[in-house]
Amino acid sequence: MSNKSKISDGPNKCKITESLWAKAFTSNSEWPDKEEFLDVIYWMRQAIGIVLGLCWGLLPLKGFVGLLLFVVVNAGVIYFYVSNFQSIDEEEYGGMWEITKEGFMTSFAGFLVTWIIIYTGLHGHENL
């Protein structure tokens with residue numbers, strides 16, 4: 001069992017989670033554990049994917065335009081968060097490409113499912 005799982009078990013789990021949330025929403029936070037920062041990026045991407053799927057479904061975007069806009073917005077938000085809000089030295093994480101692709105495919109899958117369900121539910125009858 002690793003130290004990380006020993007620390008996160010028990011009554012201190014809430015404090016660790018709160019400090020992770022605080023660091024995620026505080027500008028220029030210190031990230032001694034690189035995995036914590038990558039976890040924040042991963043879950044942020046998942047939220048972005050679901051929110052964009054809802055927006056694209058409500059706006060009735062279709063096809064390649066919707067896909068391209070998702071990629072641009074998703075990558076842009078993460079890039080802004082990493083470089084401007086957190087001021088992270090991306091070389092510590094293997095370069096910006098490594099950070100940019102962290103959790104991208106699962107975010108894309110969540111986006112597609114949400115987009116398809118919302119679009120079909122609201123606008124699917126127009127195509128019949």
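This is a predicted model: local features need pLDDT of at least 70, side-chain atom pairs count only at pLDDT 80 or more; totals for chains, interfaces and linings use all residues.
Buried means under 20% relative accessible area.

**Entry 1: Leu52**

I looked up Leu52, which lies in helix H3. Is Leu52 buried or exposed? Its relative accessibility is 9%, so Leu52 counts as buried. Skipping neighbours within four places in sequence, I found Leu52 in contact with Phe70, Val73, Asn74 and Phe111.

**Entry 2: H3 against H4**

H3 covers residues 34–58 and H4 covers residues 63–85; their axes come within 10 Å and cross at roughly 145°. I noted the crossing as right-handed. Which residues of H3 meet H4? From H3 I listed Phe37, Val40, Ile41, Met44, Arg45, Ile48, Gly49, Leu52 and Trp56. On the H4 side they meet Gly66, Leu69, Phe70, Val73, Asn74, Val77, Ile78, Tyr81 and Val82. Sorted by type, the residues of this contact come out as 14 nonpolar, three polar and one charged.

**Entry 3: H4 by itself**

With 23 residues at 1.5 Å a residue, H4 should span 33 Å, and its end C-alpha atoms are 32 Å apart, which agrees. Then I asked which residues of H4 are buried. They are Gly66, Phe70, Asn74, Ile78, Tyr81 and Val82.

**Entry 4: the core**

I then turned to the largest nonpolar core, which has 21 residues. Trp31, Phe37, Tyr81, Val82 and Tyr93 have the most contacts inside it. H3, H4, helix H5 (96–101) and helix H6 (104–123) each supply at least two residues of this core. Which helix gives the largest share? H3 does, with seven residues.

Leaving out neighbours within four places in sequence, Phe37 is in contact with Trp31, Tyr81, Val82, Gln86, Ile88 and Tyr93.

**Entry 5: Thr114**

Last stop was Thr114, found in helix H6. Its relative accessibility is 13%, so Thr114 counts as buried too. What does Thr114 touch, not counting residues up to four places away in sequence? I wrote down Ile50, Gly53 and Leu54.

Conventions
Residues are numbered from 1 along each chain as its sequence is written. Side-chain values use heavy atoms; hydrogens and water are left out. Axes are lines fitted to C-alpha atoms, for helices over the stretch in contact, and angles run from 0 to 180 degrees between N-to-C directions. Helices (H or I, at least four residues) and strands (E, at least two) are DSSP runs, numbered from the N terminus. A crossing is left-handed if the near helix is turned anticlockwise from the far one by less than a right angle, and right-handed if clockwise. Contact means heavy atoms within 4.5 Å. Ala, Val, Leu, Ile, Met, Phe, Trp, Tyr, Cys and Pro count as nonpolar, Asp, Glu, Lys and Arg as charged, and the others, Gly among them, as polar. The expected span of a helix is 1.5 Å times one less than its number of residues. Buried means under 20% relative accessible area, exposed over 50%, partly exposed in between (1.4 Å probe, protein chains only). A nonpolar core is a set of buried Ala, Val, Leu, Ile, Met, Phe, Trp, Tyr and Cys residues joined through side-chain atoms within 4.5 Å.
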